[in-house]
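Here are some notes to go with the structure. Have a look at the model, then follow along point by point.

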Amino acid sequence: MEIYPTDGHITLEFDRILQLTQNECLGDAGREALEKVEPSSDINTIESWLSETEEFLSSAQRNDRIPIYQYDSIDDDLVYLRKEGYVLDAESIQRIYHLTAIGKGLSEYFSSLQRQKLAPHLYRKFNEGYHLESDVNAQIDLVLDEEGEVKPDASSELLKISKKISSTEKQIQAAYGKIIHHYKMKGWLTDSAESTRNGRRVLTVPAEHKRKIGGIIHDESATGKTVFIEPSEIIPSNNEIYNLYTERKKEIYKVLRNLCDTLRPYADAFLSLQSMIIEMDVIRAKSRMAHHLNAQKPVLIDKPNLGIKQGYNPVLKLKFLKEEREVVPFDMELHGNNRLVIVSGPNAGGKSVVLKSVGLLQYMLQCGYLIPVEPNSKMGVFKKLYVDIGDQQSLEDDLSTYSSHLQNLKFFTDKADAHTLLLIDEFGTGTDPKIGGAIAESVLRKVNQKKTYGVITTHYSNLKYYAFKTRGLVNASMEFNQEVLSPTYQLKIGKPGSSFAYEIATKIGLSKEILKYARYKTGKNEKAVDELLIKLQSEKKETEEKMEKVMQKEDRLNKLIKNYENLHKELEYRRKKLKLTQKESSLQQIGRDNKEIEKVIRELKEADNLQKAKKIAEKVKAKRKETVKQITDLKEEVYYKNIDEEVVLVEGDFARMRTGDTSGKILKIRKGVAEIQLGLMKVKVPLKELVPAKAPLELRSKSVKTNLTTSREGVRTKLDVRGYTAVDTRKLVEEFIDIALMHNVTNLTIVHGRGNGILRKAVHEKLKEYKDVKSLSHPQEEFGGKGITYVKL
């Protein structure tokens, strides 16, 4: 995001937010990273930043805190570690170890699948930065203790030396105890008895007794009254201790050198780990700020937009929180083509606060901060932020206050575009009101032509009127309680405000004589114009609100009409479908009655009453023909009447039958008949009985040949499921029965084999789900027995 002037973010007081965020950081490196934070104009980047902060905040809110602690930078340590043969001191290694311990803690934290799902953005960031092997910490653990000191057993030689030092120090302690007791009894020692000089343990002897004790004099007091003597009995032991500590120092150096050789290949991984921890620290600091502000993630829109709901100024909110005072929220939602808000109202009524709040919230958002607004606020993304707030007078550049404003306005009109957010305070002031107002109106006209977004505060009536009559601009006001002559700090979009200068002057106590003369000079017209504009704006807003309600009602009415039509069609469909079912049942009944009729005809023929038999046969035939015609007509009306003529199915498309739910792929189309693959079965169906459908899910990953027997009408009457699983068998039986029912096939055969009875059980369980199944039976043993099931529909 481009910001003008370059210190515009300071004008908006983002520097105070930044400082408060830095106070929440755990390391100096995190604070330095925040110093370099810049807003982005890429919605994906912003979304990612906001999601990371939101996930960190959520983890704290559910008391499942992400384990990150104070840390120190290892940049300098890594510079030296990379040098072949260089040996880091224990303190430097301890800093590296502390970082790796944080990394290990994060690794353990994100090993939970649930945490990975709850914080996917943070988990991805962790994965991108953590490339260490698990034994790196273990290698350092072998050498250093929790305090960062080299362990006595870091090597076998060091352990040996450490034991000798411990043994020798115990001997020295015992010897010193005897010597001190002996010399104290003689009164040759001071009250303190002993001390340390030049790294060696010595006796504190009064000067008059110094020749009575044999040994080396290491020092004497400033007054010369006390002499520090290392007794001769202890000198050999002290020399041995000194040599042992020298050997220990050499061995520690060797241990640290070996450890550095082990760590050196991981220098890049340490650097990557540090970068990840710094980023986590920054995210944590932002989440802490979000907690203090009760901030939310708004809805992001990939275009410029002002849609703040119940927004707070972050700086004011934090200040008032300490003072236990309430901040008045504001709404800044622009609808339709409105882009520029002209805010008017009394001085000290909150205009400038709203202006800065809009800019600060937008800047924070594009820097990856959650902001104190309602979560359903719709915030856009801007590529430019131009600010003209406060007195920018410059003695160095020989610019007056108004000249500096004009210079800013020139830049705005030259550079602003449809992706710019413009913030101008006290627009047009600083020169003659008529000229200043005219120039301001002209600038406003120019930036409006450029489709620029912005918030502008003013007292000028000509700008309020221009906003009233111009498309793309909307008035807003800061409310003022005229009864108590005090601002309410409430922002109202769609209504211009008055300066209430006389009312405020009266409250302050300016003399009536002065105010009377002032009213006389301004005349009635000035006030009348303001009142008329407010009235017109209110009427305009009321009309727009009524129009919007009418449009909403019309839209609702259209939806109701559409729903009614759909319900009517559905009801008509169900009525005709019921009638069709009844006719089909009637046809089946006619078929069942045929046997009785044929019997009667045979009896008539036997009785040589041929003429009567013909009449009965013709009557039965006609009745059957009429019923078949009625069924055909009903099918046409129920299934094909509202066929979309524009939908054309071709080979390779997926489709389903109009009367079923099973879908499949069209293999070929010949003369209006389609061959369709339904699961593992191929069926020939009239093309007009098919409708487009989505591709079905695959049943099996491997192909198994199916033995299918087809009747003369092209519909399968036999299904062989041997070799399939129980799950696949149920699916195949379902498709098989569905197709048979659609084509009025009544006798079916399913081959499932004997085996352990699992497939037979699966077949019978699936068949029990169908009310149309009249009976199940098995053939005689010589013809398959219980390995085959006959189905009668």
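1. Let's start with D268. D268 is exposed, with a relative accessible area of 52%; here buried means under 20% relative accessible area, exposed over 50%, and partly exposed in between, using a 1.4 Å probe and protein chains only. Its side chain meets that of R82 in a salt bridge, 2.8 Å from N to O. A salt bridge here is a side-chain nitrogen of Lys or Arg within 4 Å of a carboxyl oxygen of Asp or Glu. The pair ties together parts that are 186 residues apart in sequence, because D268 lies in helix α12 (residues 267–293) and R82 in the loop between α5 and α6. R82 itself is partly exposed, at 39% relative accessible area.

2. Before going further, a word on what you're looking at. This is a predicted model, in which local features need pLDDT of at least 70 and side-chain atom pairs count only at pLDDT 80 or more, while totals for chains, interfaces and linings use all residues. Residues are numbered from 1 along each chain as its sequence is written, and side-chain values use heavy atoms, with hydrogens and water left out.

3. Now the overall picture. The protein has 793 residues, and 41% of them are buried. You'll find 22 helices and 25 strands; these are DSSP runs numbered from the N terminus, helices being H or I with at least four residues and strands being E with at least two. The accessible surface comes to about 45,800 Å², and carbon and sulfur atoms own 50% of that (Shrake-Rupley method, 1.4 Å probe; for residues, only the protein chains shown count as cover). Of the contacts between residues at least 6 apart in sequence, 67% join residues at least 24 apart, a contact being heavy atoms within 4.5 Å.

4. Back to salt bridges: the structure holds 29 of them. Take E52 and K125, whose side chains meet at 3.7 Å, N to O. This one links distant parts of the chain, with E52 in helix α4 (residues 43–61) and K125 in helix α8 (residues 120–129), 73 residues apart. Both E52 and K125 are buried.

5. For a local example, see R31 and D28, where the closest N and O atoms of the salt bridge are 2.6 Å apart. The two are separated by about one helical turn, because they sit 3 residues apart in helix α3. R31 is partly exposed at 27% relative accessible area, whereas D28 counts as exposed at 53%.

6. Which residues gather in a patch of negative charge on the surface? They are E32, E35, D75 and D76. The elements giving two or more residues to this patch are α3 (28–35) and α5 (75–81). D75 is found in helix α5 and is partly exposed, at 39% relative accessible area. For the rules: patches use residues with over 30% relative accessible area and no salt bridge, joining like charges within 9 Å and nonpolar side chains (Val, Leu, Ile, Met, Phe, Trp, Tyr) within 5 Å. Lys and Arg count as positive and Asp and Glu as negative, with His and the chain ends not counted; each charge is placed at NZ of Lys, CZ of Arg, CG of Asp or CD of Glu.

7. There's a nonpolar surface patch too: V79, Y80 and Y86, with about 270 Å² of accessible area together. Y86 lies in the loop between α5 and α6 (90–109) and is partly exposed at 36%. Leaving aside residues up to four places away in sequence, D77 touches L88, S92 and R95.

8. A416 is worth a click. A416 lies in the loop between α15 (401–415) and β12 (420–424), and counts as buried at 4% relative accessibility. Not counting residues up to four places away in sequence, A416 touches Y386, F411, K450 and T452.

9. Finally, some backbone details to check. The peptide bond from Y4 to P5 is cis, with omega near -10°, and P5 sits in the loop between β1 (2–4) and α1 (8–11). N294 is not a glycine, yet has a positive phi of about 55°; N294 is in the loop between α12 and β6 (299–300).
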